[in-house]
Amino acid sequence: MNVISLRLSALAIGLAVSGLAAAETYVVDRYQDDTEKGSLRWAIEQANTKPTETSEILIQAVGQAPYAIKVNSPLPEIKAPVKIIGTQWAKTGEFVAVDGSNYIKGRGVEACPGAVEGQFGTNVRTTTLPGIVLRDIKGVTIQGLEIRHFCIGILMNRASNNLIQHNRIMHNYGGAGVMLTGDDGKGNPTATTTNNNKVLDNYFQDNGDGLELTRGAAFNLVANNHFISTSANPEPSQGIEILWGNDNAVVGNKFENYSDGLQINWGKRNYIAYNELTNNSNGFNLTGDGNIFDSNKVHGNRVGIAIRSEKDANAHI
């Protein structure tokens, strides 16, 4: 018995020294937006109390489909390495929605102000009114959710090594469905802060931009997603916009019905391969230096590839 106790004590000390700890699990089985046990807001607050420990938030299907948590105010930012999982997706392919329509007020893009007073909507600098926020954090996973009716669905600001997979991201009419940005809070890019994130196997519909890689976002992987805009979208802009983003890989995605399927503004060394772009005004709309385009299928667009002038006279694709 003493030997077992000693071994267990040694294991506990080893885990503490290594910075690892047994994962906590928080179950969301109430859809009321309050701080009581079982709500999503409560679960995020609990996870945030242990910022150095991994944990899980398991969001259950409650009642009958469709399943939706309507939040009445911004959720807490994610401040700990946590897996947030809508559990029904793995069982039936159904999503649990996190919906911001109770507090994002106004019509269309005008409900989503930019960082500069008087500006709003897509194609202005903004980090306004996001649904789920990963800021200055690593090791977060988001799976099995529908994220809708915010100005930005998921904001990843100076966040690295996170995974966004198997989600449906819809009707976020401001900045983007998912925004990866190194924005320092003043519009300046930051290097090495928004790296090695993975956005995989998601469905994006009727967001402003589907996804953005901006202001220093680098070495991120965006793969096997479907980006589509329909007639319900008040401002169909880009499927993906890369603005001052370098060394990212965009592979195996499909883009339909945008102004630009994929747009690069002053990005360098991005690898764009095996994507399909159809029925967009421009398939690719490009500036930049050293970007590689490999085995993409570009068809049925008004313009397949538009190459714009680059301020660096030595730039090349």
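## Surroundings of Ser 229

Beyond its neighbours within four places in sequence, Ser 229 is in contact (heavy atoms within 4.5 Å) with Asp 206, Pro 236, Glu 256, Asn 257 and Tyr 258. The model is predicted, so local features need pLDDT of at least 70 and side-chain atom pairs count only at pLDDT 80 or more, while totals for chains, interfaces and linings use all residues. Residues are numbered from 1 along each chain as its sequence is written, and side-chain values use heavy atoms, with hydrogens and water left out.

Ser 229 is located in the loop between β17 (226–228) and β18 (238–243). Helices (H or I, at least four residues) and strands (E, at least two) are DSSP runs, numbered from the N terminus. With a relative accessible area of 2%, Ser 229 is buried; buried means under 20% relative accessible area, exposed over 50%, and partly exposed in between (1.4 Å probe, protein chains only). The side chain of Ser 229 also makes a polar contact of 3.0 Å with the side chain of Asn 233. A polar contact is a pair of N or O atoms within 3.5 Å; within protein, one must be able to donate a hydrogen and the other to accept it, and residues adjacent in sequence count only if both atoms are side-chain atoms.

## Helix α2

Helix α2 spans residues 40–48 and is mostly covered, with seven of its nine residues buried. These buried residues are Leu 40, Arg 41, Trp 42, Ala 43, Ile 44, Ala 47 and Asn 48. They pack against the strands β1 (24–28), β2 (55–59), β3 (67–70), β4 (82–86) and β5 (96–99).

## Salt bridges

A salt bridge is a side-chain nitrogen of Lys or Arg within 4 Å of a carboxyl oxygen of Asp or Glu, and the count by this rule is 11. One of them joins Asp 34 and Arg 30, at 2.7 Å from N to O. Both partners are partly exposed: the relative accessible area is 23% for Asp 34 and 22% for Arg 30.

Another salt bridge pairs Arg 135 with Glu 77 at 2.8 Å, N to O. This pair links distant parts of the chain, 58 residues apart, with Arg 135 in strand β6 (residues 130–135) and Glu 77 in the loop between β3 and β4. Glu 77 is partly exposed, at 26% relative accessible area.

In the salt bridge between Arg 168 and Glu 146, the closest N and O atoms are 2.6 Å apart. Arg 168 lies in strand β11 (residues 168–170) and Glu 146 in strand β8 (residues 145–148), 22 residues apart. Arg 168 is partly exposed at 28%, whereas Glu 146 is buried at 6%. Both residues belong to a network of salt bridges that also includes Asp 99 and Arg 148.

## Disulfide

One disulfide (a pair of cysteine sulfur atoms within 2.5 Å) is found in the whole structure. It joins Cys 112 to Cys 151, with an S to S distance of 2.1 Å. The torsion about the S-S bond is about -85°, so the disulfide is left-handed. Cys 112 is in the loop between β5 and β6 and Cys 151 in the loop between β8 and β9 (152–157), so the pair ties together parts that are 39 residues apart in sequence. Both cysteines are buried.
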